[in-house]
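User: I am new to this structure and would like a close look at one part of it. Please take the cross-links between side chains, one after another.

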Amino acid sequence: MALSIQSLLILFTTLLLKETLVVAETCSNCFTHSRAAYYPNSDEQGTDVGACGFGSFGATINGGDVSAVSDLYRNGVGCGACYQVRCTNSNYCSDKGVTVVITDQGSSHDTDFILSQRAFGRMAQTKDAAASLLALGVVDIEYRRVSCSYPNKNITIKIDENSNYPHYFAFVLWYQQGDKDITAVQLCETQNSVCKLLDRSHGAVWTTNSPPSGPLSLRMLLSGEDGDESWIIPVNNIPENWKGGETYDTGVQINV
């Protein structure tokens, strides 16, 4: 009898462990509880001076459904990530909530998100409910990481206006689909494939004080929450006569 009880305990422990592992594997889809506010002095869209360095693009991307975050900023690695955010007050809030793109850093009243007014209102069921949410100012929410989607858009390089060969080169990347982070970027000379690792100066801005000459290509390291990493290489190169302030289509997009 003692052996039978011991066997049952082992079986029970094994089943419990398997159930725990299944939960852990699917928890990337779990919601996390927090709070959200909204930009009090903005128009419906976001800010064009966000910490991610997107400029005016950061106010209008995703139709203006954007947000600042606190811990999720992750020293700029979180810039461009997408999150589903939904408030939890059943009197006002929809089940779907809103999908926002991270373009800034900030916190207010113990919040993880400071949404644009447009995004904050889009968590509501109706226009009247949106007005009630805005009147509250800060609400309880739940959120989770989701894939970004930009149909008919490739990853695009926006070169900083102050870039000037051979002294300085800086850029941000627009329209990154999927749910992985760009954690490293290399800039390569296309003629001899010599590459140099760029610095993340702040937010989503990648820089070097000694840009290579000639046409240039990029290599971008994508990192997932599961530890998976892969390099992607754009089809199109940055032309030899690149100019500050210009945008260049890389010709590639991340499959999601």
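Is the disulfide of Cys87 and Cys93 left-handed or right-handed, and what is the torsion about its S-S bond? Please go on from there to the other disulfides and then to the salt bridges.

Analyst: This is a predicted model. Start with the pair you ask about. The torsion about the S-S bond of Cys87 and Cys93 is about -120 degrees, so this disulfide is left-handed. The S to S distance is 2.0 Å. Cys87 has a relative accessibility of 6%, and the cut-off for buried is under 20%, so Cys87 counts as buried. Cys93 is buried as well, with a relative accessible area of 7%.

Now the wider set. The structure holds 4 disulfides. Count the bonded cysteines along the chain, and the pattern reads 1-2, 3-6, 4-5, 7-8.

Next comes Cys52, which is joined to Cys79 by a disulfide, S to S 2.1 Å. Here the torsion about the S-S bond is about -85 degrees, so the disulfide of Cys52 and Cys79 is left-handed. Where do the two cysteines sit? Cys52 lies in the loop between β1 (32-38) and α2 (57-60). Cys79 lies in the loop between β2 (66-69) and β3 (82-87). The pair therefore ties together parts that are 27 residues apart in sequence. Both Cys52 and Cys79 are buried.

Move on to Cys188 and Cys195. Their sulfur atoms are 2.0 Å apart, and they form a disulfide. The torsion about this S-S bond is about 105 degrees, so the disulfide of Cys188 and Cys195 is right-handed. Cys188 is buried, at 3% relative accessible area. Cys195 is partly exposed, at 35%. One further cysteine, Cys30, is partly exposed too, with a relative accessible area of 33%.

Now the charged pairs. Side chains of opposite charge can pair when their charged atoms come close. The structure holds 8 salt bridges.

Take Asp181 as the way in. Asp181 forms a salt bridge with Arg74, and the closest N and O atoms are 2.9 Å apart. Asp181 lies in strand β9 (residues 181-189), while Arg74 is in the loop between β2 and β3, so this pair ties together parts that are 107 residues apart in sequence. Asp181 counts as buried, at 9% relative accessibility. Arg74 counts as partly exposed, at 32%.

Asp181 has another partner. A salt bridge joins Asp181 to Arg145, with the closest N and O atoms 3.0 Å apart. Arg145 sits in strand β6 (residues 139-146), and this pair links distant parts of the chain, 36 residues apart. Arg145 is buried, with a relative accessible area of 13%.

Go next to Asp228. Asp228 forms a salt bridge with Lys180, and the closest N and O atoms are 2.7 Å apart. Asp228 is in the loop between β13 (216-223) and β14 (229-232). Lys180 is in the loop between β8 (169-174) and β9. This pair, too, links distant parts of the chain, 48 residues apart. Asp228 is partly exposed, at 37% relative accessible area. Lys180 is partly exposed as well, at 26%.

One group remains to point out. Asp65, Arg118 and Arg122 are linked in a network of salt bridges.

Methods:
Residues numbered from 1 in each chain as written. Predicted model: local features only at pLDDT ≥ 70, side-chain atom pairs only at ≥ 80, totals over all residues. Heavy atoms only, no water. Disulfide = S-S within 2.5 Å. Helix = DSSP H or I, 4+ residues; strand = E, 2+ residues; numbered from the N terminus. Buried < 20%, exposed > 50% of the residue type's maximum accessible area, 1.4 Å probe, protein only. Salt bridge = Lys/Arg side-chain N within 4 Å of Asp/Glu carboxyl O.
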